[in-house]
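Have a look at the model first, then we'll go through the contacts.

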Amino acid sequence: MTDATDYVPPKVWTWTKPNGGRFANINRPIAGPTHDQELPVGRHPLQLYSLGTPNGVKVTIMLEELLALGRSGAEYDAWLININEGDQFGSGFVAINPNSKIPAMVDRSGPAPIRIFESGAILVYLAEKFGAFLPTEAGPRAECFSWLFWQMGAAPYLGGGFGHFYAYAPTKIEYAIDRYAMEVKRQLDVLDRRLAESEYIAGDALTIADMAIFPWYGGLAKGWNYGSAEFLSVQDYKNVQRWADAIAERPAVKRGQMVNRIFGDPASQLRERHEASDFDTKTQDKVAAAG
Ligand SMILES: N[C@@H](CCC(=O)N[C@@H](CS)C(=O)NCC(=O)O)C(=O)O
């Protein structure tokens, strides 16, 4: 162990300084809005306020899969919430998600707008509204919910634990990296064993459980998250690799991953999505070329 420290926690923690690391400027120990900022509203029934992170793309993948299935009521406006700029603390966003985290959605198709926050809740809401990607039979439905909620509980160890200490923390702390690498490898093994017996996570068809798990663990397996593929020997998880490859090649998944994306190849970034045709005309490479 190389992390000896003489830090002794005080009796009472107080917020005296930014804690360093990549997200130091947006971390606060209090909730609520920091400024007035109304949310824009487009013409479609579904208004999504998000960013193309693993939690954000779960929902855009679902919406694009619903549209690919012919559910035209799933047409949506996707507005950019730049969490690096503090947009999640604007009054309009906090009104639809008191937890100040993307993604959040408003369904304006009924007599009164309905707000939904937490990616898992949004996936269930959409699956029920459009009757797709969630089995109706009790057993398969329970399996789908079990894995969906597994993701909600597991991913903070991957993102907030492993990813934070491996890639973002201002110092490399061996104890923390060891602890979370161990847990994330265990989680990958859980998925690998499940995917040895099942084509998709909840059975033989794609469900919202795959859409929730793929951006985190599929992304990890494909080397998209934290530059940690070699460190975690992700190639060893053969069933996760097979499943991630199958999902990654779906056209709707490819589209979903482009929405509200503000990093990577400009051709892969569709910062806001208001029409299906935006994928052909409004990616950042085309916006830049148009001046
Ligand atoms: N459990 C939440 C997690 C959402 C979440 O952590 N979102 C991150 C981006 S991936 C965020 O908005 N962070 C902004 C912040 O912490 O201020 C969900 O699944 O929707």
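Which residue lies over the face of Y180? That's R179, at 5.5 Å from the ring centre; a charge sits over a ring if NZ of Lys or CZ of Arg is within 6 Å of the ring centre and within 35 degrees of the ring normal. Keep in mind that this is a predicted model, where local features need pLDDT of at least 70, side-chain atom pairs count only at pLDDT 80 or more, and totals for chains, interfaces and linings use all residues. Numbering runs from 1 along each chain as its sequence is written, and side-chain values use heavy atoms, with hydrogens and water left out.

**Ring pairs**
- The count is 11 aromatic pairs, where Phe, Tyr and Trp (six-membered ring) pair if their centres lie within 6.5 Å, with planes under 30 degrees apart stacked, over 60 edge-to-face and the rest tilted.
- F165 and Y180 are stacked, because their planes are at 0°, with centres 5.9 Å apart.
- That pair links helix 4 (residues 138–168) to helix 5 (residues 174–197), 15 residues apart; helices are DSSP runs of H or I, at least four residues, numbered from the N terminus.
- Y168 and Y226 have centres 5.9 Å apart and planes at 75°, so they're edge-to-face.
- F162, Y166, Y168, Y226 and F231 form one aromatic cluster.

**Burial**
- Y180 is buried at 18% relative accessible area, and F165 is partly exposed at 21% (buried is under 20%, exposed over 50%, partly exposed in between, with a 1.4 Å probe and protein chains only).
- Y226 counts as buried at 16%.

**Another charge over a ring**
- R28 lies over the face of F89, at 4.5 Å from the ring centre.

Key: Helix = DSSP H or I, 4+ residues; strand = E, 2+ residues; numbered from the N terminus.
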